[in-house]
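Have the model open beside you as you read.

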Amino acid sequence: MHRAAKLHAVGDLRLAEVADPGPPPPGWSTVAVTSVGLCGSDLHWYAEGGTGEVTIGDPVVPGHEFAGVALDGPHAGRRVAVDPAIPCGACEQCRSGHGNLCPEVRFAGHAGLDGGLQERLVWPDELLFPLPDELTDDAGALLEPLGVAVHAVKVAHVRDGDDVLVVGAGPIGVLACAVARRAGAARVFVSEPLAHRRATAQRFGADAAWSPEEAERELLAATSGRGVDVVVEMAGVDAALTTAVACARPGARIAVGGIPSTPLSAFPAAPARRKGLTFAMVRRMHGTYPRAIELATTGVDLDDLVSDRFPLERADEAFRHAVGRSGDKTVIRVAGA
């Protein structure tokens, strides 16, 4: 038996003893989970019962940002980061190299596949990435949101010399600032309502960060009325899309990565059409762990993003704290090894 935190309904997260996973099948390994980051989508599940059109059905163990120690398999004895998405490998999207778009993908903490908030689980070997000694377990868990930021900046087509606006400075938005800077952005701006998150974004590479009420005026002033070449949206609310359209130059590209609470989103279509804007949707990530590890070991300090840590037995408290958005990244220490 081992401990697991299972979400039963809105605000109903219970710690319980559950059965051990048993011997792993061929090509899978047993992982003792050490660290789990709480993502904004986890908080939607906890506070609202789902994200968009996906809602809680049966109780599930949340957590898709996690690291641990491989207890068997090819990485036995090594600390590993875990890619939470298990694509089918056989569909058209998987065969064409876009496993993140797999319609049959299984994702940790969703739709009956228990995630990382437990002491033991089994996971495919190909989705385990050994951690360099210089990365902590917490940093290993945060390779997942860093990977999403890497994918978002790639989808956004950030190029050398671009001016970039990141809308929403939650952890992924903050990391998008750092990744955009590494991708060659000349200037990175941020729109974010919370002052402490604006400050964090500037630590991670933003040249300036404004409240949403200030963002359009200040950004247009900073760009002499031109607007930015690229917007990375990571807020998941309609107001963020409005800011993105207002601040984008004609012909700009907007990468939409924020996860909304409802199935439908709206944006100002008329000015977007007049500007000839391109919208690209960001679906998780694919094949980004090697690049994320490279970034995390060459200056992107993931531990600096962690503002709060809780043990597994206080998982419910951790969720309630994170929902309040008083910090940056909340991590739960499982320490299953």
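## Ground rules

Angles under 35 degrees count as roughly parallel, over 145 as roughly antiparallel, 65 to 115 as roughly perpendicular and the rest as oblique. Axes are lines fitted to C-alpha atoms, for helices over the stretch in contact, and angles run from 0 to 180 degrees between N-to-C directions. Helices (H or I, at least four residues) and strands (E, at least two) are DSSP runs, numbered from the N terminus.

This is a predicted model, in which local features need pLDDT of at least 70 and side-chain atom pairs count only at pLDDT 80 or more, while totals for chains, interfaces and linings use all residues. Residues are numbered from 1 along each chain as its sequence is written, and side-chain values use heavy atoms, with hydrogens and water left out.

## Helix 7 beside helix 8

Helix 7 (residues 212-222) and helix 8 (residues 238-247) pack at an angle of about 20°, their axes 10 Å apart. The two are therefore roughly parallel to each other.

Contact here means heavy atoms within 4.5 Å. Helix 7 brings Ala-215, Glu-216, Leu-219 and Leu-220, which meet Thr-243, Ala-246 and Cys-247 of helix 8. By class, this contact has five nonpolar, one polar and one charged residues. In that scheme Ala, Val, Leu, Ile, Met, Phe, Trp, Tyr, Cys and Pro count as nonpolar, Asp, Glu, Lys and Arg as charged, and the others, Gly among them, as polar.

Now turn to the open sheet, whose six strands follow the order 14-13-12-15-16-17 with parallel pairing. Strand 14 (208-210) and strand 17 (278-281) stand at the edges with a single partner strand each, so one side of each is left without a neighbour in the sheet. On average, neighbouring strands of this sheet are turned by 20° against each other, direction ignored. Two strands pair if DSSP finds at least two bridges between them.

Strand 12 (residues 163-167) and strand 13 (residues 187-191) are joined in the parallel sense over five bridges, and Val-164 stands opposite Val-188 in strand 13. Helix 5 lies across strand 12, strand 13 and strand 15 (228-233), running at about 170° to strand 13. Helix 7 also packs on the sheet, where it touches strand 12, strand 13, strand 14 and strand 15, and its direction makes about 140° with that of strand 14.

The axes of helix 5 (residues 171-182) and helix 6 (residues 195-203) come within 8 Å and cross at roughly 25°. That makes helix 5 roughly parallel to helix 6. Pro-171, Val-174 and Cys-177 of helix 5 make the contact with Arg-197, Thr-200 and Ala-201 of helix 6.

Which residue forms a salt bridge with Asp-207? The partner is Arg-181, at 2.4 Å from N to O. Arg-181 sits in helix 5 and Asp-207 in the loop between helix 6 and strand 14, 26 residues apart. The whole structure holds 16 salt bridges (a side-chain nitrogen of Lys or Arg within 4 Å of a carboxyl oxygen of Asp or Glu).

## Helix 1 across helix 11

The axes of helix 1 (residues 40-48) and helix 11 (residues 315-323) come within 10 Å and cross at roughly 100°. These helices are therefore roughly perpendicular to each other. Asp-42, Leu-43, Tyr-46 and Ala-47 in helix 1 meet Asp-316, Phe-319, Arg-320, Ala-322 and Val-323 in helix 11. That contact has six nonpolar, no polar and three charged residues.
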